[in-house]
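Colleague: Hi! Could you walk me through this one as if I were new to structures?

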Amino acid sequence: MNRTHKKRFKSPWLYTLTIITLLFICVPMLVSIFAGFVNNYAIGFESGLTTKWFLQVWSSYSNTIFWSIVIALACVLITLIIGVPCAYAFARSKNRWLRILDELIALPIAIPGLASALALILAYGQIQWFRQSYLFILVGHVVFTLPFMVKTVTAAFKKHELLVLEEAARSLGASFIARFLGVLVPAILPSIIAACLMVFTLSIGEFNLTWMLHTPMTRTLPVGLTDSYASMRIEVGSAYTFIFFLVILPFLYGLQTVATYFQNRYGTF
């Protein structure tokens, strides 16, 4: 059985399919990055290499990079504080109304981001200082990403092994706080970090909702990217795309490294 499995894994068509898929995904990105390094994309390398487009993007949109990172990290923190306890409640409760709420919490995913943004504007748009601050965008991102945190962690809390661990801790006299923070949360840390990774990427790349919620003074990376493409210079937009990759990839790699560390240390449930 193991030999058959190894033969199947080493089948050339699997590697071929993987390489074709990677090329299909990565080639457009590489082409876009290339466009940011030439004076004129229509001419190509003959026009000469340059970094002026990156300097132009940085001088015009550097604040969007900073605020996108701040909002994404704040979004991760808030969804952690709210989402993990909610996920535990959904996983353990047998109350019919709470299960209905568990389904309703996924509504921000099901409806368009523009609709969610419009609802927030109608509800809180009259509060001027709030409407004109980055907090307004942060609230929208939390509403949009919270279901991903809750659903991912709820699935982890429902594992049978965790039920056994929690019951064992209860039988030994551990309080709820001790069981929750000392047993359950460490056991599902890989799942929690995976949810954080999802929340961070969704927040930093969210456009539809942010486009409705932003003001000229509260732009984020995706909104700035749209503005750069609207400049009618594809080189500017491509330079912005490359900066976007430079910003997001280290964070993604760092979170993935942390997730792998806890997975190797505590295992998975």
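This is a predicted model: local features need pLDDT of at least 70, side-chain atom pairs count only at pLDDT 80 or more; totals for chains, interfaces and linings use all residues.

Colleague: What share of the residues count as buried?

Modeller: Of the 269 residues in the chain, 40% count as buried. There is also a figure for contacts between residues at least 6 apart in sequence: 72% of them join residues at least 24 apart.

Colleague: Good. At what angle do α3 and α11 pack?

Modeller: Helix α3 covers residues 52-92 and helix α11 covers residues 189-205; they pack at about 140°, and their axes are 9 Å apart. Angles over 145 count as roughly antiparallel, and this pair is therefore called oblique. The crossing of α3 past α11 is right-handed.

Colleague: Which residues meet there?

Modeller: On the α3 side, they include Ile-71, Cys-75 and Val-84, and on the α11 side, they include Ile-192, Cys-196 and Phe-200. By class, the contact of α3 with α11 has 13 nonpolar residues, three polar and no charged.

Colleague: What about α8 and α11, how do their axes cross?

Modeller: The axes of α8 and α11 come within 9 Å, with a crossing at roughly 160°. That makes the two helices roughly antiparallel. Their crossing is right-handed.

Colleague: Who meets whom in that pair?

Modeller: From α8, the residues include His-141, Phe-144 and Phe-148, and they meet a set in α11 that includes Ile-192, Val-199 and Ser-203. The contact of α8 with α11 divides into 11 nonpolar, five polar and no charged residues.

Colleague: One more pair: how do the axes of α3 and α10 cross?

Modeller: Helix α10 takes in residues 176-187, and its axis comes within 13 Å of the α3 axis, crossing at roughly 105°. Angles from 65 to 115 count as roughly perpendicular, so that is the word for α3 and α10. Val-84, Pro-85, Tyr-88 and Arg-92 of α3 make the contact with Phe-176, Phe-180 and Leu-184 of α10. Six of the residues in this contact of α3 with α10 are nonpolar, none is polar and one is charged.

Colleague: What does His-141 touch?

Modeller: Leaving out residues up to four places away in sequence, His-141 touches Ile-71, Cys-75, Ser-203, Glu-206, Leu-209 and Thr-210. Two of these contacts deserve a look. A polar contact of 2.8 Å joins the side chains of His-141 and Ser-203, and a polar contact of 2.8 Å joins the side chains of His-141 and Thr-210.

Colleague: How far is the C-alpha atom of His-141 from that of Ala-117?

Modeller: They are separated by 9.7 Å, and the two residues are 24 residues apart along the chain.

Colleague: Let's move to the partner, then. Where is Thr-210?

Modeller: Thr-210 sits in helix α12, which runs over residues 208-213. With 0% relative accessibility, Thr-210 counts as buried.

Colleague: And which residues is Thr-210 in contact with?

Modeller: Apart from neighbours within four places in sequence, Thr-210 is in contact with Ile-137, His-141, Thr-220 and Val-223.

Colleague: Last one: where does Ser-133 lie?

Modeller: Ser-133 lies in the loop between α7 (128-131) and α8 (134-157). The cut-off for buried is under 20% relative accessible area, so Ser-133 counts as buried at 18%.

Colleague: Which backbone oxygen lies 3.0 Å from a polar side-chain atom of Ser-133?

Modeller: The backbone oxygen of Phe-130 does.

Colleague: Thanks, that helps a lot!

Methods: Residues are numbered from 1 along each chain as its sequence is written. Side-chain values use heavy atoms; hydrogens and water are left out. Axes are lines fitted to C-alpha atoms, for helices over the stretch in contact, and angles run from 0 to 180 degrees between N-to-C directions. Helices (H or I, at least four residues) and strands (E, at least two) are DSSP runs, numbered from the N terminus. Angles under 35 degrees count as roughly parallel, over 145 as roughly antiparallel, 65 to 115 as roughly perpendicular and the rest as oblique. A crossing is left-handed if the near helix is turned anticlockwise from the far one by less than a right angle, and right-handed if clockwise. Contact means heavy atoms within 4.5 Å. Ala, Val, Leu, Ile, Met, Phe, Trp, Tyr, Cys and Pro count as nonpolar, Asp, Glu, Lys and Arg as charged, and the others, Gly among them, as polar. Buried means under 20% relative accessible area, exposed over 50%, partly exposed in between (1.4 Å probe, protein chains only). A polar contact is a pair of N or O atoms within 3.5 Å; within protein, one must be able to donate a hydrogen and the other to accept it, and residues adjacent in sequence count only if both atoms are side-chain atoms.
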